[in-house]
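I opened this entry to look up annotated positions and a few side-chain geometries. My notes follow the order in which I checked them.

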Amino acid sequence: MAPDQLLVDAMTRAIAESRAAAGSSTPNPPVGAVIVGERGEVIASGYTRPAGGPHAEVVALEAAGEQARGSTVVVTLEPCNHQGRTGPCAQALVDAGVARVVYALGDPNPQASGGAQTLRDAGLEVVSGVGAAAAADGPLRAWLHRQRTGRPLVIAKVAATVDGRTAAPDGTSRWITGEQARADAHDVRAGLDAIVVGTGTVLADDPALTAREPDGSPRPHQPTRIIMGNRTIPESARILDDAAPTVVVDSHDPADVLAAVPDALSVLVEGGPRIIGAFLAAGLVDEVHAYVAPVLLGAGANAVDDSTVATLAQAHRFMTVDVRRLGDDVRMTLRPSPDA
């Protein structure tokens, strides 16, 4: 296998490692690292731990021990160069005797950038840009979005019939989508910082809004649950239990919701239809996860309600970036159309 392909394969593995840090590393970026030996063998790997814990490079170096000397470290983001709650990763790599560092993306944060130059000054070979597109579209996407815009990446989730209904006229809605689609939704929740629902959804469905395994057990990371709206929630509501943090935002303004989780990198808006519509109207939806079931109701609750749209020219236009089949259902991932 060509050396360049070895680096690409190692970066693919580093990106996969970083998925375990999504949500839990906030406010730090979810980074993955892989240490490769002189013969191309993988020596160790790691991902960034929760804030205050070691970064991906340090986790991998500790796992590699003396084998790190003379190795190549492949990491999804330029090693940090500053002293925060943990020491600079660039210096840790120098101290470990690493020969080469390969990273996908430069660090856009001026407080942490400069690691590549520190490595070069210490005599290490530095290669940048390997797997950059894949890394930017992976777990780092939300963190990069926050660095660029100053706010979290917002995903709107819709689970509906083919004709866009989320409940029948009598209010029944469980279950429109099947087990595989619901399991996928829990996978998404487990990598996010916060989930938003309106008071209407809480009163109608009494959701737990936790990230769970297929057997019902809780995932290691639980996003903060946000209740948005003015209606009173009973103390017995499941969303108020101690299974995950909960924040009540007595407002219908999406900006107030985002302000309630100032460090969040990613926020999932689950509903109801007017809540999703409010985020759309405010221009705050960066991605849509549309779970579509092969069901026709012909009547019932709409998935989205945005009263600001009066004509087709005002429609919120998206492009399809991914389609996957989940049992009999389909999940479409949409992002705003550049022509919108």
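The notes below cover conventions, annotated sites, one further loop residue, the annotated domain and the rings.

**Conventions.** I am working with a predicted model, in which local features need pLDDT of at least 70, side-chain atom pairs count only at pLDDT 80 or more, and totals for chains, interfaces and linings use all residues. Residues are numbered from 1 along each chain as its sequence is written, and side-chain values use heavy atoms, with hydrogens and water left out.

**Binding site record.** I looked up "binding site" in UniProt, an unreviewed entry, and it lists Ser 173, Arg 189, Leu 209, Arg 212 and Glu 270. UniProt positions are in the numbering used here, feature names are shortened, and annotations may be inferred rather than shown by experiment.

**Glu 270.** I found Glu 270 in strand β11, residues 266-271; strands (E, at least two residues) and helices (H or I, at least four) are DSSP runs numbered from the N terminus. Glu 270 counts as buried because its relative accessibility is 18% (buried is under 20% relative accessible area, exposed over 50%, partly exposed in between, with a 1.4 Å probe and protein chains only). Beyond four places in sequence, I list Lys 157, Arg 189, Ile 195, Val 196, Val 197, Leu 209 and Ile 276 as its contacts, meaning heavy atoms within 4.5 Å. The side chains of Glu 270 and Arg 189 are joined by a polar contact of 2.9 Å. That term means a pair of N or O atoms within 3.5 Å; within protein, one must be able to donate a hydrogen and the other to accept it, and residues adjacent in sequence count only if both atoms are side-chain atoms.

**Arg 212.** I placed Arg 212 in the loop between α8 (199-205) and β9 (224-228). Arg 212 has 28% relative accessibility and therefore counts as partly exposed. Setting aside residues up to four places away, Arg 212 touches His 186, Arg 189, Ser 217, Pro 218 and Arg 219.

**Ser 251.** I also checked Ser 251, in the loop between β10 (246-249) and α9 (254-259). Its relative accessible area is 11%, so Ser 251 is buried.

The unreviewed UniProt entry places "domain: CMP/dCMP-type deaminase" at residues 9-127. I noted 28% helix and 22% strand over residues 9-127, with the end C-alpha atoms 15 Å apart.

**Charges over rings.** I noted Arg 49 over the face of Tyr 47, 4.0 Å from the ring centre. The charged end of Arg 182 sits over the ring of Trp 175, 4.3 Å from its centre. The criterion is NZ of Lys or CZ of Arg within 6 Å of the ring centre and within 35 degrees of the ring normal.
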